[in-house]
Amino acid sequence: QVQLVESGGGLVQAGGSLRLSCAASGVIFSINDWAWYRQAPGRQRDLVAKITRGRSTNYADSVKGRFTISRDNAKNTVYLQMNTLKPEDTAVYFCTGRTSRVYWGQGTQVTVSP
């Protein structure tokens, strides 16, 4: 049974930083691609950042220059370093990991106060 577990969310003031982690368990083979999505209340779930096995990355325009996605293959873990946070970054953040299928974590709340 593959499980993805996010951690690191919380409440932070605008301009602050948070680091999200997502660890995969029950995975026989390494995750190919990792991604972070977010969903704000009343909004659709949007891609925030993605990293391939080869460590190629891409980001949503709204987070470029502020967020950094990275991965640790030995730990089957992906990270999202979020700097210069804005109130509009407030959302539930979900990680996904792709092997032969895509797995989703349960989400972690990030709240940025003005």
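1. Let's start with a term: a salt bridge is a side-chain nitrogen of Lys or Arg within 4 Å of a carboxyl oxygen of Asp or Glu. The general idea is simple: side chains of opposite charge can pair when their charged atoms come close. This structure holds 4 salt bridges, and Arg38, Arg66 and Asp89 are linked in a network of them.

2. A quick word on what you're looking at. This is a predicted model, where local features need pLDDT of at least 70 and side-chain atom pairs count only at pLDDT 80 or more, while totals for chains, interfaces and linings use all residues. Residues are numbered from 1 along each chain as its sequence is written, and side-chain values use heavy atoms, with hydrogens and water left out.

3. Now look at the network again. Arginine 66 forms a salt bridge with aspartate 89, and their closest N and O atoms are 2.8 Å apart. This pair links distant parts of the chain, 23 residues apart: arginine 66 is in the loop between strand S6 (57-59) and strand S7 (67-72), and aspartate 89 is in the loop between strand S8 (77-82) and S9. Strands here (E, at least two residues) are DSSP runs, numbered from the N terminus.

4. Are these two partners buried or exposed? Buried means under 20% relative accessible area, exposed means over 50%, and partly exposed is in between (1.4 Å probe, protein chains only). Arginine 66 has 10% relative accessibility, so it counts as buried. Aspartate 89 is buried too, with a relative accessible area of 1%.

5. Next, find aspartate 33 in strand S4 (residues 33-39) and arginine 98 in strand S9 (residues 91-98), which are 65 residues apart. Their side chains meet in a salt bridge of 2.8 Å, N to O. Aspartate 33 is buried because its relative accessible area is 14%, whereas arginine 98 has 34% relative accessibility and so counts as partly exposed. Leaving aside neighbours within four places in sequence, aspartate 33 is in contact (heavy atoms within 4.5 Å) with residues including Lys50, Arg71 and Thr96.

6. On to the inside. A nonpolar core is a set of buried Ala, Val, Leu, Ile, Met, Phe, Trp, Tyr and Cys residues joined through side-chain atoms within 4.5 Å. The largest one has 27 residues, and Trp36, Leu80, Met82 and Tyr93 have the most contacts inside it. Several strands each supply at least two of its residues, among them S4, S7, S8 and S9. Which strand gives the most to this core? That's S3, with 4 residues.

7. Zoom in on leucine 80. Not counting residues up to four places away in sequence, leucine 80 touches Trp36, Val48, Phe67, Ile69 and Tyr93, among others.

8. Finally, the sheet. An open sheet is formed by 4 strands in the order S1-S3-S8-S7, with antiparallel pairing; two strands pair if DSSP finds at least two bridges between them. Strand S1 (3-7) and S7 stand at the edges with a single partner strand each, so one side of each is left without a neighbour in the sheet. S7 is joined to S8 by 6 bridges, and threonine 68 has glutamine 81 in S8 as its bridge partner.
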